[in-house]
Amino acid sequence: MTITIYHNNACGTSRKTLEAIRATGVEPEIVDYVKNPPSRGALKAMIAKAGLSTRTAMRDKGDLYEELGLADASLSDDALLDAMMAHPILINRPFVVTDKGVRLCRPSELVLELL
């Protein structure tokens, strides 16, 4: 099974999810999405496959979210995607992709559904 984790090492949930994957004996492909974000199309596809809204896939904590006024409910999905592409730190994490599907693993135990 191939496993890809869109990971941020500064995030405890992301680290716990990576640990859970490694506990199965599989070494996943680790994508530091802050430095190497997915393309807009790939991000949009992951969000859809995970069954999320674009807003749910956005990290709403931190100063940047507030500074950019992203809490404005009138913003379109395209505007939210534009913000995530310009500032990948706004992509919620960790997204995990396996042959069984895609999940935003918050909480980290959600990764078990994919393993």
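Q: In this predicted model, is Thr 17 buried or exposed?
A: Thr 17 lies in helix α1, residues 12-22. Its relative accessibility is 0%. Buried means under 20%. Thr 17 therefore counts as buried.

Q: Which residue has its backbone oxygen 2.8 Å from a polar atom of the Thr 17 side chain?
A: Beyond four places in sequence, Thr 17 is in contact with Ile 5, Pro 94, Val 96, Cys 105, Ser 108 and Val 111. The backbone oxygen at 2.8 Å from its side-chain polar atom belongs to Thr 13.

Q: Which element supplies the largest share of the largest nonpolar core?
A: This core has 20 residues, and Leu 43, Ile 47, Met 58, Leu 70, Met 84, Leu 90 and Phe 95 have the most contacts inside it. At least two residues each come from α2 (40-49), α4 (77-86) and β4 (101-104). The largest share is four residues, and its source is α4.

Q: How many residues are in the second, separate core?
A: Its members include Ile 3, Leu 18, Ile 21 and Val 96. The count for this second core is eight residues.

Q: Is α2 parallel, antiparallel, perpendicular or oblique to α4?
A: Arg 40, Leu 43, Lys 44 and Ile 47 in α2 meet Asp 78, Leu 81, Asp 82, Met 84 and Met 85 in α4. The two helices pack at about 120°, with axes 11 Å apart. That angle makes α2 relative to α4 oblique.

Q: Is the crossing of α2 and α4 left-handed or right-handed?
A: The axes of this pair are 11 Å apart. The crossing of α2 and α4 is right-handed.

Definitions and conventions
Residues are numbered from 1 along each chain as its sequence is written. This is a predicted model: local features need pLDDT of at least 70, side-chain atom pairs count only at pLDDT 80 or more; totals for chains, interfaces and linings use all residues. Side-chain values use heavy atoms; hydrogens and water are left out. Buried means under 20% relative accessible area, exposed over 50%, partly exposed in between (1.4 Å probe, protein chains only). A polar contact is a pair of N or O atoms within 3.5 Å; within protein, one must be able to donate a hydrogen and the other to accept it, and residues adjacent in sequence count only if both atoms are side-chain atoms. Contact means heavy atoms within 4.5 Å. A nonpolar core is a set of buried Ala, Val, Leu, Ile, Met, Phe, Trp, Tyr and Cys residues joined through side-chain atoms within 4.5 Å. Axes are lines fitted to C-alpha atoms, for helices over the stretch in contact, and angles run from 0 to 180 degrees between N-to-C directions. Angles under 35 degrees count as roughly parallel, over 145 as roughly antiparallel, 65 to 115 as roughly perpendicular and the rest as oblique. A crossing is left-handed if the near helix is turned anticlockwise from the far one by less than a right angle, and right-handed if clockwise.
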